[in-house]
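Student: Please show me the structure. I would like to ask about it piece by piece.

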Amino acid sequence: MSTVALIDDHESVRLGLEAACARDAQNVVFSGSTVGSYLEWRRATGAPPADVVVLDLTLGDGTTVTENVRALVGDGASVVIHSVADRPAAVREALSAGAAGVVSKSSALDDVLDAIRTVAQGEALNNVEWASAVDGDRAFADAQLSTREREVLRLYATGLPLKAVAERLGVAYSTAKENITRIRVKYVEVGRPAPTKVDLLRRAMEDGIVAADGATSAR
């Protein structure tokens, strides 16, 4: 059972999500209106970070999207943005800050629960809201990867072990490893860190290197 925290300044939204999570056997450990109150609850109780924090894109306490997402990710939680999907710039900001994905408040509750389960399992969340935000700003997806780096990322992100990637491309294992290191550095430099293999898959999908269904792209 995953642990879930709900942060939204609309109590009715939180109550609806709490009821849905309870029906889905998801354990809601915190429900509140600000990221600060969640972090204070963590300090006061000594509770571990929630597996997934469902976060409203805009809260009423004057905090920014970047501040909130970075604080939560830095604290050890995965973040799913739950908001109206009519502000692509703010959605891109949230994704760039480290959010695991976006689900619209107009989505069915089952879709929200699916998103929570997906992210709790460490898998990449890919949906319409995510795709529209990225497609709206190609600069967001441009980490200036070389042709070889794109080839390494394409194979590695879709599941091949690094040794198999090296063999497939006819290069030394150390060369393939250096490519992955450079790729991670380049993504950090454009504000889109990718410390895990799941993060690399997410970046590859954002950049069109891997298709939305996980298949490799010819691009």
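This is a predicted model: local features need pLDDT of at least 70, side-chain atom pairs count only at pLDDT 80 or more; totals for chains, interfaces and linings use all residues.

Student: In which sense do strand 1 and strand 3 pair?

Tutor: Strands (E, at least two residues) and helices (H or I, at least four) are DSSP runs, numbered from the N terminus. Two strands pair if DSSP finds at least two bridges between them. Val-4 stands opposite Val-52 in strand 3. Strand 1 and strand 3 have four bridges, and the sense is parallel.

Student: Which residue of strand 4 is the bridge partner of Val-52?

Tutor: Strand 3 also pairs with strand 4, in the parallel sense over four bridges. In strand 4, the partner of Val-52 is Ser-78.

Student: Which residues of strand 3 are buried on its two sides?

Tutor: Buried means under 20% relative accessible area, exposed over 50%, and partly exposed in between (1.4 Å probe, protein chains only). In a regular strand the side chains alternate between the two faces of the sheet. Both faces of strand 3 are covered, with Val-52 and Val-54 buried on one side, and on the other Val-53 and Leu-55.

Student: Which element gives the largest share of the lining of the largest pocket?

Tutor: A pocket is an open set of points on a 1 Å grid over the protein atoms alone, where a 1.4 Å probe fits, with protein on both sides within 12 Å along at least five of seven lines; lining residues have an atom within 4 Å of a point. The largest pocket is lined by 20 residues, with Val-73, Ser-78, Gly-98, Asp-199 and Arg-202 nearest its centre. The largest share of the lining, four residues, comes from helix 10.

Student: Is helix 10 largely enclosed or largely open?

Tutor: The buried residues of helix 10 include Asp-199, Leu-200 and Arg-202. Seven of its ten residues are buried, so helix 10 is largely enclosed by the rest of the structure.

Student: Is Ala-47 buried or exposed?

Tutor: Ala-47 lies in the loop between helix 2 (35-45) and strand 3 (52-55). Its relative accessibility is 16%, so Ala-47 counts as buried.

Student: How far apart in space are Ala-47 and Val-29?

Tutor: Ala-47 and Val-29 are 18 residues apart in sequence. From C-alpha to C-alpha, the distance between Ala-47 and Val-29 is 9.0 Å.

Student: What is the phi of Ala-25?

Tutor: Ala-25 lies in the loop between helix 1 (11-23) and strand 2 (27-32). At 42% relative accessibility, Ala-25 counts as partly exposed. Ala-25 is a residue other than glycine, yet its phi is positive, near 65 degrees.

Key. Residues are numbered from 1 along each chain as its sequence is written. Side-chain values use heavy atoms; hydrogens and water are left out.
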